[in-house]
Amino acid sequence: MSDTVPAELALDVRTALPEDYAFLLMTHPRPTWEGHPNNGQWCQFWLARHKMFRDFGAGLTNACEKLANGEVDPKGFHDWFMPRASFFLGELDTHHKIEEYHYFPLLAQADLRMGKGVELLEGDHESIHALLAGAYDTIVALDKAITEKPAETPEMVPRMRDDLAALDKGLQHHLDDEEDLIVPLILERSEAGLGIH
């Protein structure tokens, strides 16, 4: 995490964004987002991607819970879970890179007050990447257990569930805060005004 972000605002510590970070949220609270004239195609697509990540995280965690409880067959779970987990982790990594290399710099330049918010979000990405790497390692181990060493599957499933639950918790928190920082700025300035497309 960036040294300029206060420790109390780390993803796994903070409970809410201070007002000086989400400085436009009072002007543009969540209930006003849908249907706002500046909620353009990019913003709608970006929010839809976030919804997809939320849905995937919850779905994968729930599937692991069902496997842990013996509600699904390991082979059927494997066939359903592995391609979806691979897609989820890959898309999440790509999404963060696009934000960091393209959109975050635009937002930081658009309003000087956004600079520390962008640093906070980049710190979140570091935390989520660490959780993502841990989940990936567990996915690889679970794949090997199911396909090559079925006897080891029962001990791997709780680890998979816990790793995905940790990733999902951090991700959900980050997505909420990221939206509270960025969407109000888009509504205030418009996508064209920010150079977002």
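How many salt bridges does the rule give here? The count comes to 15 salt bridges, where a salt bridge is a side-chain nitrogen of Lys or Arg within 4 Å of a carboxyl oxygen of Asp or Glu.

Some ground rules before the details. This is a predicted model, in which local features need pLDDT of at least 70 and side-chain atom pairs count only at pLDDT 80 or more, while totals for chains, interfaces and linings use all residues. Residues are numbered from 1 along each chain as its sequence is written, and side-chain values use heavy atoms, with hydrogens and water left out.

Back to the charged pairs. Aspartate 124 and arginine 14 form a salt bridge, at 2.6 Å from N to O. Aspartate 124 sits in helix α3 (residues 114–148) and arginine 14 in the segment before α1 (41–68), so this pair ties together parts 110 residues apart in sequence. Helices here are DSSP runs of H or I, at least four residues, numbered from the N terminus. Both aspartate 124 and arginine 14 are buried, which means under 20% relative accessible area; exposed is over 50% and partly exposed is in between, with a 1.4 Å probe and protein chains only.

Next, aspartate 180 meets arginine 30 in a salt bridge, 2.9 Å from N to O. Aspartate 180 belongs to helix α4 (residues 153–189) and arginine 30 to the segment before α1, so the pair links parts that are 150 residues apart in sequence. Aspartate 180 is buried at 13% relative accessibility, whereas arginine 30 is partly exposed at 36%. Through shared partners, salt bridges join Arg30, Arg54, Asp176, Glu179 and Asp180 into one network.

There is also a salt bridge between aspartate 162 and arginine 161, with the closest N and O atoms 3.3 Å apart. Aspartate 162 is partly exposed, at 43% relative accessibility.

Now the nonpolar part. A nonpolar core is a set of buried Ala, Val, Leu, Ile, Met, Phe, Trp, Tyr and Cys residues joined through side-chain atoms within 4.5 Å. The largest has 28 residues, and those touching the most other members are Phe77, Phe81, Phe88, Leu142, Met160, Leu164 and Leu167. At least two residues of this core come from each of α1, α2 (74–110), α3 and α4. Leaving aside residues up to four places away in sequence, phenylalanine 81 touches Leu60, Cys64, Ile139, Met160 and Leu164, where contact means heavy atoms within 4.5 Å. A second, separate core has 26 residues, including Ala22, Leu107, Leu187 and Leu194.

The whole structure has 0 disulfides, a disulfide being a pair of cysteine sulfur atoms within 2.5 Å.

One backbone point. Serine 190 is not a glycine, but has a positive phi of about 80 degrees. Serine 190 lies in the loop between α4 and α5 (191–194), and is buried at 19% relative accessibility.

On a 1 Å grid over the protein atoms alone, a cavity is a set of points where a 1.4 Å probe fits but cannot get out, and lining residues have an atom within 4 Å of a point. The search finds 1 cavity of 30 Å³ or more. The largest cavity has a volume of about 40 Å³, taken as the space filled by probe spheres set on points joined across faces, edges and corners. Its lining is Trp42, Trp46, Glu99, Tyr103, Phe104, Leu107, Glu178 and Ile182. α2 gives the most to this lining, with 4 residues.

Conventions. 1 Å grid on protein atoms, 1.4 Å probe; cavity = no way out; pocket = protein on both sides within 12 Å on 5 of 7 lines; lining within 4 Å.
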